[in-house]
Amino acid sequence: MLFSVPLIPLTPPAVLEEFDGWLALRHWYRTLRELAELSSGGHEVVLAAGLLSWRPGDGPPVRGHLLATPVDVAVDERTERVDVVLAGPTTLRDRELLTGAPGFRAGHADRVRDAVRAGRGFGLGASVCDVLRAWGTAAFAGGVPVHAEWPPDDPVAPPPEPRVRLAPALVVRPPGRTALADHYERLLAQGATSRGLARLLDPSLGGRPLMHVPERAPDTVADLLAGLLARGRRALVACADERAARRLLTGLPAGLAGLCAGAGEGDRVAEALAARAAGHDPSRHRRHIADLEQRRDDAARTAAELRERLAVTLAADRCDLAPGYRGTRAEVERRIAAEAADHSWLPPRPGLPAEPPLTAAEAAELVGLIAAETPARRARPAQRDVDPGALPSPAYVRTLIDEEAKARARAEEAETGLSRRLREVDVATLARLDACATAVTATLRDLGLGEDPGDWDAGDQAVRAFTDALARRRTAAWARVAALAARAEEAARAAAATAGRRVVPPPGDPREMADAAEGLRRYLADGGVLKRGPLRPAPQRRAEPLLSGARVDGRAPDTPDRLAVLCAHLEALAACRELQQAWEATGAAFATDAPPHERLARFHRAHERVARIRAALPALEETAALLDGAGLDVPLHRPELWHEYLTGLRSALLGVDAGRATADLTALRDSIPRGEDDPPELRAALAALDDRDAAAYARALDDLAAARRERELQVRCEELLGRVRAVHPGLADALAATARDAAWTERAARWDEAWTWAHVSGRLAEHARSPAETRVRQALAEAETRHRDLDAELLAARAWGAALARPHLVPAWVLPLWDVPDALAPEPDAFDAVIIDGEHGAGAEALFLLWHAPRVILVGESGPPLPMPDGAPPVSDLPAGLREVVSPTAPLFTVLLDALGGRPRQAAEPPAAPAAPSPAAPPPAAPSTRTGRSIATYKRRELVELIGRIARQDPDLTDDRLIAVARARLACPPDEHDLVQARLRFALDVHRGLHRGTDAP
């Protein structure tokens, strides 16, 4: 292990001094987690050392590490610790960096390269600097200085001479490819060619140089390699990277692992072979192989006999599990196996009830509900159920919002400095001020006085009284006028009685004359008579001026009636004089040339108007007191100032109305219940109220109604899925994960039949076998295990026998594809076959693999066309036939299949958009299994269906026996034994996966 970093928490430390250290470790931890994800995604992570920096005078700058050691970056699932582990041998990348650079001597560094292959310069060991110094001395004539500093130099300004720093770093890059041009030059320098390349250039040479295994099972490559070794063939396996190579090596059977070498392990394997060959006795080894063959054949016969005994035992075991599932156990098993293709999506489970938890209609409903499920709908049951009908209607909310907006607009339009001051007064005081102002305004309006004082008549006694009241002038005079109001009313009534009578008053004081007239009238009314001379009565003597100087209707007032008229007239004159004096004290002027009854009527009307003004004086007094109590200095001593005050008060009251509208909206919002489990649509409705957005509120209520419907659907979905989960958790999980697949529509239609099939399958599995059957099955399992073990031991013995016959050669190499040029000598046809385990983005540049063996085995599917490289395509000198096959975008497998696999040669095309599948595409034709065909000509589907037919015909066959029957039916060429075994094993795995209800890869 290189190093480990424990889980660094997201929360920073409370101690400030520890923050910088936490931040650095957190950055390291996050970076390593990202490297672990990249590593698991196929990228190569290496520990790089020896940073070479150089800007040649006539070439591009060079910057890169010379040594690279693969590392595994893994995260411990339990502790979340990140481990960085050295995972492979170190490689020297000088050719990759410096091919074509002036002064670079690639051949002089071969000894350093060999030392690196032998293990020197590994990781960050002590030998790293020694290897770098040795390389610097050998690679350039003048030497390259090597510095042990860890920090890298400036990447912007590389030095004019090559320089190396230790500068270790973790580097993520695609799998490294060596300098291929240099490698191909070494191959051409051999003066000969390999049979593989010869067949590539000239297909007329014949033979079968290529085999393709499209399906890759976990053991495919290991089985192919084992078969080749058992027949004494040397093999080279080209993998994707060092990790894949190491995985294959560690997964080989123990008997074969010692024959295979990974990168840097050739000497070890060769030494082990030489040591074992020293004591090897070929004759004894052949006898050992013959003995193993006999024992294996005996084990095979024993297994066959036990299978026959098992068939006889099963024929006697009868079952009655459900309608249509009656008969012997073998017959029921055959029917179950025959129906597995239609019903295996519903996996059997012990204890499954006979009746399904859902009807077919409910199953179809559940499939539709899950298929339409969204993350938002899945969260609905945890949210509170809110009925949008219980919330304020959008129309009512819009009305309140509009009213608030209008009130605010009116308040803002009418705002004055005084209104802003009045708005600071409490609402109760404003209400009282409004009441007082309303009373005064109503009085003035009743008197015919408008709001604008400029329109008032200055001679109007009411205007004069209101003006003096505001200015607090002539208080006593106006009080006197008010006190004479009853006198004026009474005099006006009395004068009204004289209307139409011609009265000529006597000279003198009207009051005194009126008293004399009244005394004489009473005298006459009491029966007295007028006399002459000294006997005249006293009332007559006092009234002599009246009798002589006054006239009523042209006659002397000598009767009670005429005296009453004269008395009323004189009272009117006295009242007019008194009222005239009082009104003149207020500054008012009344005409004196009119008859008394008209003058008194005018006085009476004026008194009535002034009385209305006097009735409003308490409101004025209260207004002044309220303003003074509120600390507001508002002048009101002129009508114009009163008008300004009224305007400011109305504006302030408009602001109160706006606040009241706002309060109504706030109360409405507060009346809506809220909680932590509110649906987001309710929060959106509340936000719309806050934003005064009536349209958004209406949309939120519509969304809330849709959310409620979603909640109902999700509750229904969980209820149905819960009923399934209660009896079959695996089926519930499958439904939840794959209900969007189109296949579920047909599955739901066959729900009842599939449930019965699964129920019967589970019951059959629980159905107790007879003791005899149990014994036979146990003996059969032991016999088959024995047969497999002997077969593997025989395979290993044959492989070792072939290897010990030529102990100077390593039988098999397992290497990353791009490490082959550096790991192996360029000897043509040194191997019998090359197994290319996956294409992994390789193109025609990987055709150097044909140099090493005359035969190629491709494992896996061909990949998509490669991206077009930058720049103009290279000029090709290939033969005409290969020009149509080899192109910059052609994947390696496509090139080899077109050139060596017998397919019509065609040029690779750039990637195109996948065509949509035709809805009316015809079903695939039934596969044919003509004997004698190469296994490479069969499609995976054909082999899976062949395995399925054999399994349905005889369900009691074990895996090994089933593969043996299929191999006998195919009768493929003998030299394809191991390939046939590998492909049939993979087809069996796919068939078993389908039987368990899983999709084939």
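Q: Which strand does Arg 63 lie in?
A: Some ground rules before that. This is a predicted model, where local features need pLDDT of at least 70, side-chain atom pairs count only at pLDDT 80 or more, and totals for chains, interfaces and linings use all residues. Residues are numbered from 1 along each chain as its sequence is written, and side-chain values use heavy atoms, leaving out hydrogens and water. Helices (H or I, at least four residues) and strands (E, at least two) are DSSP runs, numbered from the N terminus. Arg 63 lies in strand 3, residues 62-75.

Q: Does Arg 63 count as buried, partly exposed or exposed?
A: Buried means under 20% relative accessible area, exposed over 50%, and partly exposed in between (1.4 Å probe, protein chains only). Arg 63 has 38% relative accessibility, so it counts as partly exposed.

Q: What does the side chain of Arg 63 make a polar contact with?
A: A polar contact is a pair of N or O atoms within 3.5 Å; within protein, one must be able to donate a hydrogen and the other to accept it, and residues adjacent in sequence count only if both atoms are side-chain atoms. Here the partner is the side chain of Ser 53, at 3.4 Å.

Q: Which way do the residues of strand 10 point?
A: In a regular strand the side chains alternate between the two faces of the sheet. In strand 10, Ala 235, Val 237 and Cys 239 point one way, while Leu 236 and Ala 238 point the other way. Five of the five residues of this strand (235-239) are buried, so it is largely enclosed by the rest of the structure.

Q: In which sense does strand 10 pair with strand 16?
A: Two strands pair if DSSP finds at least two bridges between them. Strands 10 and 16 (residues 812-816) have five bridges, in the parallel sense, and Val 237 stands opposite Val 814. Strand 17 (residues 833-837) also runs parallel to strand 10, joined by four bridges; there, Leu 236 has Val 834 as its bridge partner.

Q: What should helix 36 span, and what do its ends show?
A: The expected span is 1.5 Å times one less than the number of residues. Helix 36 (residues 940-953) has 14 residues, so it should span 20 Å, and its end C-alpha atoms are 20 Å apart, which agrees.

Q: Which residues are buried in helix 36?
A: Among them are Leu 943, Leu 946, Ile 947 and Ile 950. An α-helix has 3.6 residues a turn, so residues three or four places apart point the same way.
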